[in-house]
Amino acid sequence: MTTGATFAADWLDLREPFDAAARNPDLAARFIAALPPRPVLIDLGAGGGSLFRWLAPRIGGDQAWLLVDADAGLLEHALAITAAWADVHGFAVRSALDGLTLRTQGGIWRLTTRVADLADLAPLDIGQADAIVCSALLDLVSARWIARLAAATRGPVLACLNVDGHDATCPPHAADRAVTTGFRRDQARDKGFGPALGRHATAAVRAAFTARGFTVVAAPSPWRIPPDAAAMLAALVHGHAVAATLRLPAARGAIAHWQSTRLRQIAAGRLAMRVGHRDVLALPHGDP
Ligand SMILES: C[S@@+](CC[C@H](N)C(=O)[O-])C[C@H]1O[C@@H](n2cnc3c(N)ncnc32)[C@H](O)[C@@H]1O
């Protein structure tokens, strides 16, 4: 990674249940229907592997996944947490240096990992995979990078949890607009792929993949964070305040007031948030 988007394992773990509840099952079912038997999938920016743990059981049968990420620590975490998850589900687990094999009732699920900077897609041989998946990645990248992904891809693509800007926080606060403005500016920062798309990711996927002859469908997959999810709410409030202060230093005082009010509301069980996302499916022509 060059100018950097780093993600703590703790944060990815904290968001996993919200991600799982948010992902769009109908789009996933259409993606699965387009897979060949025993598919080989590449998960771009796989992080702690939460998409594998959500999607692999839905695919069910024999499958092989390559989890790619720039952060070797996150990929190690992905293997450790997936082995523990497999134990809980009663799957037999065999560990190797670069991956895991899970023997499940549905089939054999093979996971391998690869540390790579996705800024350069060429070494990954994307076109050799049966399908490409990713989650919470495409809002970090640029339109140019998505065009390169579309040019390299042959099979179906499922890109989950791309922010869409349809956020809501209840109750409202006078500084919400300043925080959103600063946060969005920070989202657009170059994270090593060119100017980041943020909430425009879905439109860029639609344009790039349609131009390559894919059929593109999108569906909402928002996080709905209730007042009792204090740790998740606090993490979001902190993340928004830090990013907004960085981009709008003149509004530092208003943002600090926003943050302390929001933290008091969390402690009192009076804050709820919705963070808008879209899942996007791109199917090569001929797929259902
Ligand atoms: C928001 S996290 C999503 C992780 C995971 N897909 C999930 O849904 O939990 C974005 C991931 O992209 C990875 N990433 C960011 N920039 C990258 C790059 N240039 N090359 C490879 N991975 C990158 C990060 O390390 C991180 O794991």
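How many residues surround the ligand, and which are the closest? The shell holds 24 residues, and the closest are G45, G47, A70, L118 and S135; a residue counts as near if its C-beta atom, placed from the backbone, lies within 6 Å of the molecule. The elements giving two or more residues to this shell are α1 (9-22) and α3 (50-59). Helices (H or I, at least four residues) and strands (E, at least two) are DSSP runs, numbered from the N terminus. By class, the shell has 13 nonpolar, 6 polar and 5 charged residues. Here Ala, Val, Leu, Ile, Met, Phe, Trp, Tyr, Cys and Pro count as nonpolar, Asp, Glu, Lys and Arg as charged, and the others, Gly among them, as polar.

The model is a predicted one, with local features needing pLDDT of at least 70 and side-chain atom pairs counting only at pLDDT 80 or more, while totals for chains, interfaces and linings use all residues. Residues are numbered from 1 along each chain as its sequence is written.

Next comes the sheet. It is open, with 9 strands in the order β3-β4-β5-β2-β1-β6-β7-β12-β9 and mixed pairing; two strands pair if DSSP finds at least two bridges between them. At the edges sit β3 (92-96) and β9 (214-220), each pairing on one side only. Neighbouring strands are turned by 20° against each other on average, direction ignored. Strands β1 (residues 40-44) and β6 (residues 131-135) run parallel and are joined by 4 bridges, with L41 standing opposite A131 in β6.

Helix α2 (residues 25-33) lies across β7 (157-163), β9 and β12 (277-284), at about 20° to β12. Axes are lines fitted to C-alpha atoms, for helices over the stretch in contact, and angles run from 0 to 180 degrees between N-to-C directions. Helix α4 (residues 72-88) lies across β2 (63-69), β3, β4 (99-103) and β5 (108-115), running at about 165° to β5.

Then there are the helix pairs. The axes of α6 (residues 176-187) and α8 (residues 230-247) come within 7 Å and cross at roughly 80°, so the two are roughly perpendicular (65 to 115 degrees). Their contact (C-beta atoms, placed from the backbone, within 7 Å) includes F183 of α6 and H240 of α8. The axes of α8 and α9 (residues 252-267) come within 10 Å and cross at roughly 180°, which makes α8 roughly antiparallel to α9 (over 145 degrees). The contact of α8 with α9 divides into 10 nonpolar, 2 polar and 2 charged residues.

Notes: Two residues are in contact if their C-beta atoms, placed from the backbone, lie within 7 Å. Angles under 35 degrees count as roughly parallel, over 145 as roughly antiparallel, 65 to 115 as roughly perpendicular and the rest as oblique.
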